[in-house]
Amino acid sequence: MIPKKTTVKDSHIVKIAVERENHMAQLINLDQRHPLASKIQDICNGWSISDHQNYALQFCESNNKKYVTEKNRNEIKNGSVLQLQYSPSKSASDAMETLLNGSPQEKVLRLKDLTSLSTDHTFALEFIKEKGLDRLIMMIEDVSQNNEEILKYSLSSFVELMEHGTVSWEVPENSFVARNIEIVRNFQKYPTNCGESALSNLENIVQCSSKYVLVAEDIKLQDILRLLQEVNSPVMRQNAIALLNALFVKADEARRRTIANTISAKQFRLALIGNGLGTEMTHQLYVLQTLTLGLLEKRMRMKMNAQDQDAHDKIKELRRIAFDDHTTALSQNDDHIRRGGGSGAGNINFSQYYKKLGFKCDINPAQDFIETPPGILALDCMVYFARNYTQQYAKIVRENSCRADEHECPFGRTSIELVKVLCDILRIGEPPAEQSGDFQPMFFTHDSPFEEFFCICVITLNRTWKDMRATAEDFTTTFSVVREQIQRTLKCRPENLEDFRNKIALLPYQQITTLRQQERTSKEECDSTASAIVKLKEKISPHILELIKQQRLSFLIEGTRFSKYLRGTRTKDKFWYARLSPNHKVIHYGDCDEKNIPTLEELPKKLPISEIKQLLEGKECPHMKETRIRKSAVNLAFSITFENMDHSTLDFVAPDESIFNYWTDGINALLGQPMVSKQKNEDFDTLLSMEIKLRLLDTEGVDISKDPPPIPEDPENYDFCFES
């Protein structure tokens, strides 16, 4: 019997199906080394199509309608189904013909197709080359156009075309800007999609065009407020807040304060956080929160000037409010006292009161506000507390001035340090993070949120100082507890300041101590150096590593939603999903929306694990080479390189550090490489500690010697007698 000839698998050839409407599909072998044009000609010949140059292949998945090009042809895998369609140049030419000479109904149908086609970069370039963008601008500017569908799809197509970044936002003229402003200001007259697109256009014009002045002049804050109050569309609301953020960033200092004062009004605050919060909405609100709190940076970095009469008056006001009954007589001569120190009965008396207020420099308290941060911002917060919570302020100061020196809580010194801690926790002065960040709804529930936040925290600080029976030597330790109280409460996302007050009251010093002990117990290593314990660790370590590996692979099988990045910048409302197949052989990935989790079958692209060459992290990633990329994004970036494609990578930016660690560990495990993330080490230590403790439960109360017991000496003889 003659053995059958065995075929050698060629990795360059993929078996695919090509469909065409009203025709039988063709099953072909596509050689990735040959030009696409020649293969398209062969396919056209199979269907007796003569003008093959007017055709192209196109992916036909529901979330991937891109044209196949020489650059992305490596996305074609065995079993892929493609469609033969008119080429991008032919489609762009036909679209222009319809937009110029077609009937209104034909234009609507063509524009509807154009909205989806414009997401493809190849088509977008061809359409722009055909002056299609200019035609869309004319159609959008045409105020006599009564067909809402034409306007809606024209705006949507324009947005998609501009997303590719090939055309400058300086191109649209003033008339186009004015038209978008008119749509936003009269949003009730237009379909919701028109408002969404117009807001997106205006945001980009503010960010990327010199015409942002037109938007800043004509879009009033009241227009945005009215929109937020009346519109239910989540996309339109988040685009409105994104426009507000863009206007805020571009504005000068005076304009920023005007915007901040306007949105701090109750009706504006309620409109901002009134409806449900999705991922993108939360991010936009976080950006707005960061920008408004960032206005405190100027005061935070400002040293107290010796010539600043207002600041000196505030210091005197602190003294008067706290010791009003005691300083009435002395106040009459207050204006004659030199602030820099010196002799005289007045100075001595006032320095005593400033010492009771807890200032380090009681002769000249202005010296306490030289350090930045918190600078003069600390004085602002202290005066706010004294004016608005006078009884509590006086009580705190007088209680501490009557205590024994070693247990007094110096109000001045602790308040200044507290403001410094709060600025650090809220990252005041830092730009907003690229991704969602830490949005706190309570900062949109009061006219002076930071000052109110300080008032609650300073009362908590005083209570914690009492609970700890702290002294001056415990200053750093006390603030570590207070910082933890604040951070743990903020993690609960309190809805308002009263909610924050109630939640932080549930975390006294005793509770923090208990939580720390519990966490320490759950995380601490078994620090025993007994040889038996060391050997036990060595024995069970491989099992622990295998557990971590299986958990990482399970996480990859569940999959993750990633944000898309274009030229190192996060793309708003664009996501893709990646997940590992249950057999650990293939990574499936593809575009997705914000809410739904796609199944394996819905993810069109596949990456066999066998084709992975290596894993790159951080600045080594190709998509992180740009110098303007934020450090936070670089630290969460990783890329997969392919064995047979030297210049192609699959690029990721994880939503947070935990997901970054899980994915990099999982990919290393699939490649047979050691898992090296910080999270892996923490998980290993925790699991190993727990396993050791479980196995040693029966030895509780038994002293395990550090060294094994000594081996007994040899007996005198070996004449043993055994009697049954």
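**Close-up 1. Asn 22 lies in the loop that joins strand 1 (13–19) to strand 2 (26–31).** The model shown in this and the following views is predicted. Asn 22 is not a glycine, yet its phi is positive, at about 65°. With a relative accessible area of 74%, Asn 22 is exposed, because the cut-off for that class is over 50%.

**Close-up 2. Arg 427 is another residue other than glycine with a positive phi.** Its phi is near 55°. Arg 427 belongs to the loop between helix 21 (411–425) and helix 22 (449–468). Most residues other than glycine have a negative phi.

**Close-up 3. Two cis peptide bonds follow one another, from Thr 372 to Pro 373 and from Pro 373 to Pro 374.** Omega is near -15° for the bond from Thr 372 to Pro 373 and near 10° for the bond from Pro 373 to Pro 374. Pro 373 is placed in the loop between helix 18 (345–356) and helix 19 (377–388), and Pro 374 is also in the loop between helix 18 and helix 19. Most peptide bonds are trans.

**Close-up 4. Helix 16 covers residues 309–322 and is capped at its N-terminal end by Asp 308.** In the cap, a side-chain oxygen of Asp 308 lies 3.2 Å from the backbone nitrogen of Asp 310. The end C-alpha atoms of helix 16 are 20 Å apart, which agrees with the 20 Å that its 14 residues should span at 1.5 Å a residue. The buried residues of helix 16 include Ala 311, Ile 315, Leu 318 and Ala 322. His 312, Lys 314, Lys 316 and Arg 319 are also among the buried residues of this helix.

**Close-up 5. The second largest cavity holds about 50 Å³ of space.** A search of the whole structure finds five cavities of 30 Å³ or more. The lining of the second largest cavity is made up of Phe 59, Glu 61, Asn 64, Glu 75, Ser 80, Val 81, Leu 82, Pro 604 and Lys 605. By class, this lining has four nonpolar, two polar and three charged residues.

**Close-up 6. Cysteines are shown in a structure that holds zero disulfides.** Cys 455 is in no disulfide, and the nearest cysteine sulfur, that of Cys 381, is 7.6 Å away. A disulfide would need the two sulfur atoms within 2.5 Å. Cys 455 has a relative accessible area of 1% and is therefore buried, whereas Cys 492 is partly exposed, with a relative accessible area of 47%.

How values were computed. Residues are numbered from 1 along each chain as its sequence is written. This is a predicted model: local features need pLDDT of at least 70, side-chain atom pairs count only at pLDDT 80 or more; totals for chains, interfaces and linings use all residues. Side-chain values use heavy atoms; hydrogens and water are left out. Helices (H or I, at least four residues) and strands (E, at least two) are DSSP runs, numbered from the N terminus. The expected span of a helix is 1.5 Å times one less than its number of residues. Buried means under 20% relative accessible area, exposed over 50%, partly exposed in between (1.4 Å probe, protein chains only). A polar contact is a pair of N or O atoms within 3.5 Å; within protein, one must be able to donate a hydrogen and the other to accept it, and residues adjacent in sequence count only if both atoms are side-chain atoms. On a 1 Å grid over the protein atoms alone, a cavity is a set of points where a 1.4 Å probe fits but cannot get out, and a pocket is an open set with protein on both sides within 12 Å along at least five of seven lines; lining residues have an atom within 4 Å of a point. Grid points are joined across faces, edges and corners, and a volume is the space filled by probe spheres set on the points. Ala, Val, Leu, Ile, Met, Phe, Trp, Tyr, Cys and Pro count as nonpolar, Asp, Glu, Lys and Arg as charged, and the others, Gly among them, as polar.
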